[in-house]
Amino acid sequence: MEHQLKIFNSLTGEKEVFVPLHENNVGMYVCGPTVYSNVHLGNVRTFMSFDFVYRTLKFLGYKVRYVRNITDAGHLTDDGDVNNDRFVKQSRLEKLEPMEIVQKYTVDFHKVLEIFNLLPPTIEPTATGHILEQIQLTEKLLKDGFAYESNGSVYFDVLEYNKRGLNYGELSRRNIEELFANTRDLDGQGEKRNPQDFALWKKASPAHIMRWASPWGDGFPGWHLECTVMSTKYLGNQFDIHGGGMDLKFPHHECEIAQGKAGHGESPVRYWMHANMLTMNGQRMSKSTGNYILPMELISGENTFFEKPFAPAVIRFCFMQAHYRSVLDISNEAMLAAEKGFNRLMEAIKILNELTTDTELPTSLPIAEWKQKCYDALLDDFNSPILIAHLFEAVKWIFQVKNDEERISVTELKELKELMNAFVFDVLGLQSEQQTVNNNDKLDGVLQLLINMRMEARANKDWVLSDKIRDELLALGIQLKDGKEGTSYSIN
């Protein structure tokens, strides 16, 4: 079986043979959420795309260190207006501390991704947990002449970076001279030497709640800095794959490249990967236009866009039918079609797993050739729609076997069962209804165990343990309700 993986590298604009820095080991970093609100469906599409990449790499035999950050530090725009800090703004709206906002929406993020059967990353660092490292990198960039201090803030000097032949704009293919020529200095940006310079450290105004001490006074790190610090801390100054949404290519990923080159003397990433947009009914999803839906609203059916609820596995199947670099459009018709296809796939898997045979006569389905085609789809820049098309070739054949129109040998049946289950459940990350039921049963069992532990603690008047169990379950969205007939729970 040939295993030559090719990845479309956004930096070069070409598919390239993937050669990891360390044989059979992959370091992959994906930009995580900014946890000031509920994760939206477009975010889910991006994280699901890289979950598929992660699963595929593992399936192909690589050992993967997957790092995905949590942005939990407030970041102002460069105008310095505290009202533009999303954490502060949301904390005022909800009358909560900023770190309460962080905890609330981090829990929501994890819960939503778990519902869609995304594997957790190997490491999930937070911006606030790496303030010291961000200060240290800022100090180095200042020392080496790539940054300057202005009024308690520190900015990356883009013009100086380019003077040294390091090419700011290489990822997004932007001409730096044109950027300077076409961008006028905005009000409030007077402390920057050039409009394209970006903040490494921002001075905190008296109204800014999230602040840390630094050599330049109280402040907070720039948004771009955290990803450079956390990716290189856990994966090295240069690593294999960096993923994120198309919207992050400029300026966020461009700034990461600049910080990495200036700070560590080498380009930080070998293969840049970008997932494309999610649209709905042919239009961009946007709160301002009303063309917007949250993941749980699609699952529950509590929305005005779709005629019925859709299971998380159906939504995942729908998303996997589009290549990660293609725009994915969802609509009522698309979801109904995905549900029909998903149900047929699950029915075929059920039939296949229950099939028995006692013949050694070969099938007309060329399993070795079919297997290679499935692998080829994965190896061709993680092509999930082509993989699904090949799976449905097998689905058609499985129904023919069921109807006694086809035969299969004992050896072939065993291999086909293993391959279909691996491609469908391990690689695509789909879950059958039975798997979902089994997972729910396991959850019920664990929750009942915790309820019993709490009841025992209450009986022993151990109120600290009793309250701890209740509060930690509540933080996970599980509310305990004490009544005359015992304790029940509800999942929010």
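Me: How many bridges join S9 to S10?

Reply: The model is a predicted one. In it, S9 and S10 run parallel. One of their bridges links Gly-245 to its partner in S10, Ala-275. The number of bridges joining S9 to S10 is six.

Me: Which strands are the edge strands of the open sheet of four strands?

Reply: The order of this open sheet is S4-S3-S9-S10, with parallel pairing. An edge strand pairs on one side only, and this holds for two strands. The edge strands are S4 and S10, the latter covering residues 269-275.

Me: What angle does the direction of helix H1 make with that of S3?

Reply: From one strand of the sheet to the next, the twist averages 20 degrees. Helix H1, residues 41-59, packs on this sheet and touches S3, S4, S9 and S10. Its direction makes with that of S3 an angle of about 175 degrees.

Me: Is helix H7 mostly covered or mostly uncovered?

Reply: A residue counts as buried when its relative accessible area is under 20%. Among the buried residues of H7 are His-224, Cys-227, Met-230 and Leu-235. They belong to a set of 10 buried residues out of 13, and H7 is accordingly mostly covered.

Me: Which helices do the buried residues of H7 pack against?

Reply: The packing partners of these residues include strands, among them S3, S4, S7 and S9. The helices on the list are H4 (131-143) and H8 (249-264).

Me: Which residue follows H7?

Reply: H7 spans residues 223-235 and reaches 19 Å from its first C-alpha to its last, close to the expected 18 Å. The residue after the helix has a positive phi, near 100 degrees. That residue is Gly-236.

Terms used: Residues are numbered from 1 along each chain as its sequence is written. This is a predicted model: local features need pLDDT of at least 70, side-chain atom pairs count only at pLDDT 80 or more; totals for chains, interfaces and linings use all residues. Side-chain values use heavy atoms; hydrogens and water are left out. The expected span of a helix is 1.5 Å times one less than its number of residues. Buried means under 20% relative accessible area, exposed over 50%, partly exposed in between (1.4 Å probe, protein chains only). Contact means heavy atoms within 4.5 Å. Two strands pair if DSSP finds at least two bridges between them. Axes are lines fitted to C-alpha atoms, for helices over the stretch in contact, and angles run from 0 to 180 degrees between N-to-C directions.
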